[in-house]
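Let's walk through this protein chain together, one piece at a time. Have the sequence and the 3D view open as you read.

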Amino acid sequence: MTHAQKLRHCTARVLFCIISIAVSEAVSGQIRYSIPEEMQKGSSVGNIAKDLGLDVEQLSDRAVRILSRGRTQYFALNFKSGHLYITERIDREEMCGGMEMCLLNCEVIVEDKMKLFPVEVEITDINDNAPSFRSEEFDLKISETTAPGSRFSVRQAEDPDMGLNSIQRYQLSSNTHFLLDVETRSDGVKYAELVLQKSLDREEQAVHNLILTATDGGDPVRSGTAQIRVIVLDSNDNAPVFSQPIYKVSVWENVPEGSTVVTVKATDLDEGINKEVKYSFQKITDKASKKLQLNSNTGDVTIVGNLDFEETALYEIEVQAHDGGGLFDRSKIVIVVSDVNDNTPEISLRSLISSIPEDSPPGTVIALLNVQDADSGENGEVTCSIPSNLPFQLKKPFDNYYSLVTDRALDREQVAAYNITVTAMDNGTPPLSTATTIQLRILDTNDNAPLFDETSYTAYVTENNPRGASVFSLRASDHDEGENARVTYSVTEGQIQEAPLSSSISINSETGALYALRSFDYEQFREIRFQVQAQDGGSPPLSSNVSVTLFILDQNDNSPHILHPSFPTDGSTGVELAPRSSEPGYLVTKVVAVDADSGQNAWLSYQLLKATEPGLFSVGLHSGEIRTARYFLDKDALKQSLVVLVKDNGQPPLSATATVTVVVADSIPEILSDLSSLSAPADSQSSLTLYLVIAVASVSCLFFTFIIVLVALRLRRWRNSQLFDSSSVTFSEVPVSQFVGLDGVRAFLHSYSHEVSLTTDSRKSQFNFPQSNYANTVTSDQTCDIKDPILVTEELNISNGDQTSVQVS
């Protein structure tokens, strides 16, 4: 095709599109447009917004939608202009085949108003297909004895276009033996036959090559050619004859592959090779050739592909029988496909709301569904249903359309989401069904207050708890969700022993964990009562309260306290008297103790930890009574020292000890004679410790005394500088009489001077205290023995013109 022809073709198509686009309102309320096939993507079909009375400014991809029936969406809506335009290439022959009228159906859905407008678009034919032969070359065998005027069938051309765009004429290349006769059937189909005009002579020309051209009536004109190779045969005077002019059968569409649907039969009266008949399809469509097969020897027509009533309900095929001599006969096979219920209904969601508030009123539209069944008759009648226990119902506003609406009030706390199964079932035998599930989420509203797990709470915390420790946790649940279920906690303010509750207890507002802000003491208070409020985050918020009692548990944090025997304040040891003539079980004394704790932490037990004579005394486990366990013997010591352990029953247990000194004597004089021995400590190590303490204390006192004297001397020097012009004082081996001129210093040194003699080669040292004029000093020349040597040396140098040295050794 030349460039000029293509340009004329495109111009003609554009003019045809402009002229043929028409809008009409059907009686049923449908809007119909008419467009030619093969229009470019984006081409306008019509102003759907204007035709439906819709406001272009309010159009959006959510408010208005265009849905086409079938898997392919051929149309879309331009939301700016309101025009319906083409989104996919449309081939009329592919979609509708040989149907006189080709319609595409779609729906315009206005979602906010839940309205639906059916739209039909008629696809008109254009000359986009050229005539074609199934084979570009085929043979035709004719006997040389065939009389002129004989007719011979040739293979027919096919053109899927309609009307003038289909085949309008046949032409045969120029030759001297054949003419082409074209006949028109009642259905308008052109049929061509070769007519023998001049007798054939095989010896003159055995093969004749002819060109058959089929031309349509479109603009531009399209054509197709086939080469006919005529082979001249020897004479054959009888042609095959079919038993029936038309073979008509009816088969179910689910007939299995390999089944024979019809058998054609032709007979030939000739003999030999001229009697052998072969069968072949003379005219058959591409679809039929993929479904049916002809046995050339037997004439059996078998199924080689799945028949589909919804695809093709009728097959018309021309069959030819020819003998070995080239003679033939034609017949027609008509196969009617009967429908079976082999297609399940199809459910398409045209509009859907995935979530609604739980307070939505009954009758709220949730989804709009379209139901189709490709079968026909009762097999294509469909009924939709949903489970009866759901709060929804199906309504049928249009043919093949159902709307899913709420039937009663919803409660998200009972059911938060629904899986609504919509079942579509046809009326076939057996019935077929399909189902689709619509998921609907119920949105929450704040209609539930927080609820605590218990009506009241009781918690326990052990005293002496660390500050900031978590003592208890409570929780409230809210059946709502999201922000409406977010619970915050707070403690109602109260008093604890005239102190604010916030100083002792705090709560985590998010988790509900209670914390102790201070360490509790069971001996101060034993319980805390307060209220906790739980409030959700809804608007307006809802809340609830619960009472909490926090009991303080006792801890074994107090040791037993000894009441008797009481510890002497003068450093002496309490003495109990036990007559030497006492019998076993004699009550000597009783140890009395108390514990500030309570419960088992205050249960006290007594046991004898240490005794001078083991087995001589016993202590009551729970009474603390000290009794004799046997008679006294002469060898028993006069003084018995008992250490009694008092222990509580806590975990871990705490204890205290009491030391009881028991003197075994029958009379008071005997006790008095031994008081000195009772005063002296029995442990030599204890005496050494006492002496060391006395020595260190004495030396320390002397040191601080000399410091004070030195300060006094410094203060008096500027007043009595003549008295200290040349004086030398040495404290080592210097008589006290040399300090007469020092007034107060002399008296001080005279009162506190002493001699300490410490040796390094012996474990004995002496303190020698000279006689003093004061009544409260130790008597002269008293000596105390010290086991461990202590050497204390202090030197003090005082300078005031001349050097004055003080040395204590």
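Start with S355: its bridge partner in strand 32 is R441. Strands here are DSSP runs of E with at least two residues, helices are runs of H or I with at least four, and both are numbered from the N terminus. Strand 26 and strand 32 (residues 433-443) run parallel, joined by three bridges. That is enough to call them a pair, since two strands pair if DSSP finds at least two bridges between them.

Before going on, a word on what you are looking at. This is a predicted model, where local features need pLDDT of at least 70 and side-chain atom pairs count only at pLDDT 80 or more, while totals for chains, interfaces and linings use all residues. Residues are numbered from 1 along each chain as its sequence is written, and side-chain values use heavy atoms, with hydrogens and water left out.

Zoom out for a moment. The chain has eight helices and 56 strands. Of its 809 residues, 37% are buried; buried means under 20% relative accessible area, exposed means over 50%, and partly exposed is in between, using a 1.4 Å probe and protein chains only. Take the contacts with a separation of 6 or more: 64% of them are between residues 24 or more positions apart. A contact here means heavy atoms within 4.5 Å.

N601 counts as buried because its relative accessibility is 8%. Beyond its neighbours within four places in sequence, N601 is in contact with several residues, including D554, D595 and G650.

Next come the charged pairs. Side chains of opposite charge can pair when their charged atoms come close. We call it a salt bridge when a side-chain nitrogen of Lys or Arg is within 4 Å of a carboxyl oxygen of Asp or Glu. How many salt bridges does the structure hold? There are 18.

One of them joins E193 and R330, with the closest N and O atoms 3.1 Å apart. This pair links distant parts of the chain, as E193 sits in strand 13 (residues 190-196) and R330 in strand 24 (residues 328-338), 137 residues apart. E193 is buried, at a relative accessible area of 8%, whereas R330 is partly exposed at 32%.

R408 and D407 form another, their closest N and O atoms being 3.9 Å apart. R408 is partly exposed at 39% relative accessibility, and D407 is partly exposed with a relative accessible area of 36%.

Then there is R412 with D444, where the closest N and O atoms are 3.0 Å apart. R412 lies in the loop between strand 30 (401-406) and strand 31 (417-426), and D444 in the loop between strand 32 and strand 33 (451-452), so the pair ties together parts 32 residues apart in sequence. R412 is buried at 7% relative accessibility, and D444 is buried at 15%. Finally, salt bridges that share partners join R151, D181, E193 and R330 into one network.
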